[in-house]
Amino acid sequence: MSINVAHAGNTGDKVRSDCHVTIELTSSGGIELELNSKVVVMYGDSIKKLVLDSLSFFGIENAKVNLDDKGALPWLIMARIEATVRQLTKTDKELLPKFLPQNKYSTKKDQYRFSRLYLPGNTPSLMINAGLHNPHGIILDLEDAVAVDKKPEAQLVVRNALRALDFYGAERMVRINQIPKGLDDLKYIIPHNVNLILVPKCESADQIKQLNQKIDELKKQHGINNPIWLMPIIESTLGVVKAYEIASAAENVVSLAIGLEDYTADLGTQRTNEATESFLARSTVVNAAKAAGIQAIDSVFSDVSDMEALKQTVIKSKAMGFDGMGCIHPRQIKVIHENFAPTQEEIEKAKKIVNAFIDATEKGLGVVSLGTKMIDPPVVKRAQRSIDLAVNMGLIPINWREEMLTQQ
Amino acid sequence: MKKYDKVTKNALGRLVPTEINGKPAVPYMGIGKYKPEGRKYAPPIPSLADYPSDGNKTVESLAEALKRCGLKDGMTISTHHHFRNGDLLAVQIFDIAKEMGVKDLVWFPSASFPCHEPLIKYLEDGTIHHIEGSMNGPLGKYTSEGKMRGLAVLRSHGGRYQAIQDGEIQIDIAVIGAGCSDPFGNANGLYGPSASGLLGFALADSQYAHKVIVVTDNMVEFPCTPWQIQGNYVDFTVKVDKVGIPEKIVSGTTEVTKSPDRLLLAEYTAQFCYEAGIIKDGFSFQAGAGGTSLAVGNYFAEIMRKHNIHGRFARGGSNKYLVEMLEEGLIDYILDGQTFDLEGVRSMAQNPNHLWTSPFTSYNYHSKGNFAGIVDVVILGATEIDLNFNANVVTHSDGYLLHGIGGWQNCLFSKTVIIPVPLFRDRIPVIIDEVTTICGPGELVDVIVTERGIAINPKRTDLIEKLKGSKLPIKTIQELKAEADKICGVPQKPKLGDEIIAAIKWVDGTVIDSVWKVQ
C-alpha cells in the first residue's frame with residue numbers, strides 16, 4: 001500500500017534543536033514549502049535551499065512540504081527529511097551530511113572507559129554539547145531510549161550524528177537493538193566510524209558471532225579497516241550464567257557491562273541501594289571479564305541529583321573490580337572520573353614501583369625489587385597505567401619522577 | 001514613513017534619534033565623555049500648611065489619592081518592580097485613569113513584567129501615550145511591531161536615577177508599593193504579606209516626584225522602621241487589601257540550574273576567576289539571579305572553602321545561596337539591590353550585615369562615586385556579543401525587544417566583567433559580526449565564557465598573561481565565532497525596518513543605540 005503523506009521528527013513547546021517534517025506528494029505544482037522556523041531571520045534562506053536540494057536528491061519534484069523547525073542543525077533536518085521520504089518512496093539513496101574530519105579516529109582495545117554517557121538516539125538537543133563534558137565514551141542509544149515507532153527515524157539521526165556531530169574525542173559508541181533485531185542497525189553505523197557497539201541483553205557467544213559476521217560483511221563492503229569493538233551488556237539471569245562465554249567470544253570484545261534494571265526484573269526483585277540482590281551478578285561479570293582479560297563495566301546510577309550517593313557507588317564499584325560505569329547525566333561524569341581515578345595512596349605506591357623499574361632497567365638488572373620485595377611485570381604494568389592516568393588527569397605532574405628524586 | 005527623521009550617528013557609529021518624544025537627546029559620545037552642566041532637578045517646595053499636622057496622610061483609596069494628586073492628561077506616572085511579576089498596582093493605576101477619562105499618560109516604571117500585559121489595551125485606547133522603562137515579553141513585542149505612539153526609552157537602573165535626578169524626566173506622580181508602611185509614609189519592604197526585601201528602586205521617585213503616594217497592605221502604627229522610604233517625601237498613604245501576589249514577588253526558593261551545559265559555563269567562570277587571581281582574600285563579586293549566575297556563586301563558594309579564602313562583600317540580587325555564604329562567614333556583607341527569595345528577605349530583616357542599597361548608592365553615574373566600580377568581578381548575561389565585545393541585552397537576533405537593561409550597564413564599571421553565555425542557543429549564535437542593539441560598549445566587557453571556549457578582551461593583557469598555561473579553553477573571540485558558524489552555519493543578515501521604536505540610553509543619559517521596528 002502506498003501512502004502520499006508522511007511525517008517525521010518531533011514538535012511541541014518543549015522540543016529544542018529539532019524539527020518536524022510533513023511531506024505530501026502531489027502530482028503537479030512543484031515544491032510548495034511552508035517553513036515555520038524560530039531561526040528564520042538568520043537561516044531561513046539556507047533552510048529553504050536545504051529542503052529543496054534534499055527533495056531533488058530523492059527525485060521528488062512535486063510535493064507540499066511543511067517544516068516546523070525549533071532550531072535544528074542542518075544534519076538533523078536532513079535526517080528528518082530522509083525519514084519522511086523513506087516512508088513515501090522506496091529508495092536506497094542516503095542523504096549524508098559531510099563527515100567531520102575531526103571525527104576520524106580509532107580507539108584502543110584497553111583504553112579507559114570510566115564513563116560512557118547514554119544519549120537517546122532520537123533526541124538531538126542532548127547530543128550537541130555532550131562531548132564538551134568529556135565522557136570517555138558517548139553512546140547514541142537505538143535501544144531502550146527510543147520508542148518503537150521512532151526506531152527508523154533514530155537510525156538516521158544516529159547515522160548523521162556519527163558523521164556531523166563533533167564527539168570532541170570521546171569514544172564513539174552506539175547501543176544497537178537486541179540481536180537479531182540489532183543486526184538491522186549496523187548498516188547505519190558501521191560505515192560511519194563507530195568505535196564501539198554495545199550489545200544489549202546479550203545471552204550467548206553465538207549472538208556475538210552473528211554480530212561479528214555481519215560487521216565483517218559491512219566492513220568488507222565499505223573497505224573499513226578500523227577496529228570496531230564490542231561491549232556486550234549482561235542484563236539477564238541467563239546472561240550472568242553465560243558471562244565468561246560471552247566475554248571470551250571474540251577478539252574484539254573489549255569489555256563486559258552489566259545492566260541491572262532488566263536483571264533485577266528478571267530476578268523478580270527490585271534494585272536497592274545496598275545492592276545485595278545484584279552482588280552475585282556484578283561479581284560474576286567482573287570475574288568473567290577479568291578471566292577473559294577485558295574490562296568490566298558497571299551499570300548506571302539513576303539518581304542524577306545525588307552526587308554523594310553516586311560517589312559511594314563508584315568507590316564500591318571500583319573496589320569490586322569494575323573499570324567504569326554508565327552515566328545518564330553529564331554531571332555524573334566528573335564524579336565517576338574522580339573516583340575511578342587512582343587514589344593518592346595508589347599513586348604513591350605506583351610511583352615507587354615505576355621508579356624501581358626504571359632504576360633496574362637503567363642498571364641492567366633483570367629483576368625489579370622494591371626493598372626486599374620482588375615485583376612482577378604485571379604489577380609494574382598496572383603501576384605504569386596508574387601513573388599515566390594520574391598524569392593525564394592532572395593529579396601529578398608529567399615530570400613526577402624528577403620531583404620525587406629531588407625530594408629524596 | 002519614518003516616525004523619527006532626526007537621526008545622527010553616535011560615537012559607536014549607530015544611528016540614533018536627536019529628539020525623543022519632543023525633547024532633544026544627546027548622542028552617545030564615548031565613556032565618560034558627556035558631562036552635563038547646570039544643577040540637578042528639584043521638585044516644588046512643599047509647605048506643612050498643606051499637610052495634616054498629625055502626620056496621618058492616609059486617604060481611603062488609590063483613586064482618591066490619584067485624584068488629590070491632580071491626575072490629568074499628559075502626566076508622567078512612575079511605579080516600581082519590587083513586586084516583580086506579582087505587581088497589582090500598575091494596572092490598577094491605569095484602570096483608574098481610564099475610568100477618569102485621562103489620556104496620554106507616560107508610564108515610567110523601573111521595570112515591566114508579563115503581569116503588565118493588560119496595559120496594552122491602554123496603549124491602544126490612548127490612556128497611555130508611551131512607556132519609558134524596560135520592555136519585557138508582551139509589551140516588548142507590542143512596541144517592536146511599531147504599535148506604540150511615542151518612542152520607548154530604555155534606561156538602566158542607574159540611568160533611571162540619573163534621568164530623574166538630572167530632570168531629564170519629571171515625574172508627576174510616583175506610586176510606591178510597599179510591604180509595610182505607616183500613615184505618615186515611612187515605608188519598607190521587609191515585613192508583611194507582600195514583603196519584597198527593599199524599596200531601593202523607588203528612592204529617586206520619592207525624592208524628586210511632584211507627588212508621592214505610598215500604597216501598602218500592611219499599615220502599621222507610626223513609626224515604621226527602618227524607613228527605606230522616608231515619609232517626609234510622601235503626600236498620601238493608602239491601605240489596600242492586597243498590593244501584590246506574594247508567591248510571584250519572591251520565589252519560595254531559588255534553585256541553581258540543573259542544565260549540565262549551564263553548569264559547565266558556571267564552572268568555567270569560577271575557575272577562570274580563581275586562576276586569574278580574582279578570587280582572593282578581601283575580594284568582592286556580583287552575580288545575578290539567573291540559573292547560571294546562581295551556579296557561579298555556588299562554585300565561588302566551593303573554591304573559597306577549598307582554599308580558605310574570605311571575601312569582603314557580595315552585591316545582590318540576594319538569594320538563599322548568597323545568604324548561606326554570609327551566614328557561613330565566607331563573606332562579611334551582602335549589599336543588596338533586590339531580594340529574590342524568602343531567605344533573602346529574612347536575612348535582610350535580621351542580619352545587620354545584609355544591607356539594602358539603591359540605584360543611587362550602587363549605580364548613579366552622575367554622582368561622586370558608586371558601588372559598582374568597587375566590585376572586583378561581576379557576572380552578567382547577554383543575548384548577543386560582537387567581535388568587538390559590544391553586547392546586547394534588550395533585543396533578540398530577530399529584532400524583537402524583549403528584555404530590560406536592569407543594572408546591566410551600570411555593572412559594566414566593575415573591575416572585571418565576565419559574560420557566560422552559550423555559544424549558540426538552538427542554532428541562534430550569540431557571537432556575531434554586529435549586535436542587533438548595542439547596550440554596552442565592548443571596551444567595558446572583559447571576558448566571554450562559552451561552553452566551547454573562553455575569549456578574553458585583547459585590552460585585558462593582564463588577564464591574558466595570567467591565564468597563560470591554563471587548562472581552560474582560552475580562545476580568541478574570532479575563533480569562537482568561527483566555531484559557531486561551523487556548527488550552525490553562517491547566519492544571514494537580519495532585515496530590520498527603517499522606523500525607530502525605542503531609544504537605548506547609556507548611563508550618562510546619552511543615546512547609545514536605537515531599536516528598529518521589526519518587519
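Two strands are taken to pair if DSSP finds at least two bridges between them. Strands (E, at least two residues) and helices (H or I, at least four) are DSSP runs numbered from the N terminus. The structure is a predicted model, in which local features need pLDDT of at least 70, side-chain atom pairs count only at pLDDT 80 or more, and totals for chains, interfaces and linings use all residues. Residues are numbered from 1 along each chain as its sequence is written, and chains are lettered from A and ligands numbered from 1 in the order in which they are written.

In chain A, strand β9 (residues 229-234) joins strand β10 (residues 255-258) through two bridges, and the two run parallel. In this pairing A:Ile233 stands opposite A:Ala257 of β10(A). Strand β8 (residues 196-199) of chain A also pairs with β9(A) in the parallel sense, over four bridges, with A:Val199 opposite A:Pro232. Between β8(A) and β9(A) the chain passes through helix α5 (residues 205-222) of chain A in a right-handed β-α-β crossover; right-handed means that, with the strands pointing away from the viewer, the path from the first strand over the helix to the second runs clockwise. Six of the six residues of β9(A) are buried, that is, 20 or more other C-beta atoms, placed from the backbone, lie within 10 Å of their own.

In chain B, an open sheet of three strands has the order β9-β29-β30, with mixed pairing. Its edge strands are β9(B) (152-154) and β30(B) (511-518), each pairing on one side only. Three bridges join β9(B) to the parallel strand β29(B) (residues 496-505), where B:Ala152 stands opposite B:Ala502.

Definitions and conventions:
A residue is buried if 20 or more other C-beta atoms lie within 10 Å of its own, exposed if 12 or fewer, and partly exposed in between; C-beta atoms are placed from the backbone.
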